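Subject: Structure for you to look at

Hello,

Here is the structure I said I would pass on. Please open it and keep it in view while you read the rest of this email.

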Amino acid sequence: MNFLRRVLAPTYYLHFFVLSLSFTACSTNRDKLAVEEGKILVTKYCGNCHIVPDPALLDKSTWLTSVLPAMAERLGIEVLQDNFYLHGKQSVISHSDWSKILKYYETLAPDTLPPGKPDPKLAHDWAVFSLLKPVEQPDLTSSTMLVAIDTATKSIVTSNSEKPGLYRFDQQFNAKGMTPLQSAAIDISFPPKATDPDMVTCMGGMRALDGTLGQILAVDKKTQRKPKLISSEMIRPIQSTPVDYNKDGLMDYAVCAFGHNLGGLYLLKQLPDHTFQKVPIREVPGATISYIRDFNSDGWPDIITLFAHGDEGIWTFTNDRKGGFVARNLLRFPPIYGSSSFQLADMNHDGKEDIVYTAGDNSDYSRVLKPYHGLYIFTQSDHFEFKQTFFYPINGCTKAMVSDFDKDGDTDIATIAFFPDLKNKPDESFTYFEQNNTDKTFKAHAIPVHQDGRWICMDVNDFDGDGDDDIILGNYSRGFLNQEQVKPSWNVHLPFIVLKNNTIQP
């Protein structure tokens, strides 16, 4: 018997080994097929709403425990404890197909995301700026949501969520009055005529709910009388831009209502009796910021808008001169990019406006540091097409504003980051990009103000009237700490700071 075992054993194990290889090959082929089918299914079920996100954009854990469960609910799949998926009659995708989507992301997503590439030439200095501070508010944790420089009155306007109102300060930071508001202001538009009222947009609250209704108000800055309510039906509005879109002599307003599941870009059309009618332009949530231009040079105002929630990207809306607009997509980004701001500026002095864009909103389903967060420049071609020509990684980049800060004839950039790497790179919360007038490259300066606050809003203008642009930063220090074991290491009692521009005028 022992002899037979010795003789038969090699044959037995050989057959077992071959059988194991067959099973392994079958399993590998099944997994490969599931991944390939998963990619097709992702395009089918997700591509109708937004760009299909590449698995490499997030780590495996974030996909499986956060983002995909959130998307499952949108497909009518009930998500139970430990991400157990329950399919019912309301589900628009079968259990088998959903499993293939999960397999696609689980197989191809990295275990961790690589960090952004560091800048070996980053300067840690004040560049052309010096720091000015108001008096601290020791009894309050700063919740500033608006900072603005009113050059007509040479004053600073702020608003906060703790004590909602519109606060005004002179150049010595003395309080010059307060207009009570129902909720904190997040945007203000100063009219060309100082006698006309300011247009103020109040989001209604920080919570991302479709029941959060904001207010759009006309505020008389001189009398500080009770504001005139223009609208109270927008879902989380964050910007109101004046535009007489139908050229009837009555000022209308393009409103970005960020919303949540609802919202979009709207017009508040002023009627002859001076009431306003809500007119939808693109009812997709995430409308963030708009600018008014005449893109086709026909004498009628057009609109360009950033959408930053779900279907992220930049769209133009060309006035059809009949009361409507024709939409065109210029740039589109994955839904996890966290688009946060953009501005139009001629960055290379070729006579065409380029797009300065930031990605860095990190308060949704994927609250991890992302190497593609940062500052981008998209350069315009002759056919109103845009191509990325610059990227600088900044974790959680929130906003960029352009100006020739050093008065050397080119365009520089200032950025803030509300979601920086607070553990390892807190100084990226404010960065100044100085453009070289010769080769059009940028030198980055980490201005040392990260210990003075956490910057959620910014404005650029000539605060002191000396001919160069200053910068004001608003401090929001109430929560939103994504990183574990991070506590505020900055001043939580300063409502804002001013970076005074010390450039010597030629």
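Below is what was found, taken topic by topic.

Please keep in mind that this is a predicted model.

Helix 2 and helix 3

Start with helix 2 (residues 60-74) and helix 3 (residues 95-108). Their axes come within 10 Å and cross at roughly 150°. Angles over 145 degrees count as roughly antiparallel, and helix 2 and helix 3 are therefore roughly antiparallel to each other. The crossing of these two helices is right-handed.

Which residues make the contact? On the side of helix 2 they are K60, W63, L64, L68 and A72, and on the side of helix 3 they are W98, L102, Y105, E106 and T107. Sorted by type, the residues of this contact comprise 7 nonpolar, 1 polar and 2 charged.

Salt bridges

Side chains of opposite charge can pair when their charged atoms come close. How many salt bridges does a search of the whole structure find? The search gives 14. One of the salt bridges is formed by E37 with K100, where the closest N and O atoms are 2.6 Å apart. E37 lies in helix 1 (residues 2-46) and K100 lies in helix 3, so this pair ties together parts that are 63 residues apart in sequence.

The hairpin of strand 6 and strand 7

Strand 6 (residues 165-169) and strand 7 (residues 175-180) run antiparallel and are joined by 5 bridges. F169 has A175 of strand 7 as its bridge partner. The hairpin has 5 residues between the strands, and in this hairpin F173 takes a positive phi near 70°.

Regards

Note on methods: Residues numbered from 1 in each chain as written. Predicted model: local features only at pLDDT ≥ 70, side-chain atom pairs only at ≥ 80, totals over all residues. Heavy atoms only, no water. Axes fitted to C-alpha atoms, helices over the stretch in contact; angles between N-to-C directions. Helix = DSSP H or I, 4+ residues; strand = E, 2+ residues; numbered from the N terminus. Parallel < 35°, antiparallel > 145°, perpendicular 65-115°, else oblique. Left-handed = near helix turned anticlockwise from the far one by under 90°. Contact = heavy atoms within 4.5 Å. Nonpolar A, V, L, I, M, F, W, Y, C, P; charged D, E, K, R; others polar. Salt bridge = Lys/Arg side-chain N within 4 Å of Asp/Glu carboxyl O. Pairing = 2+ DSSP bridges.
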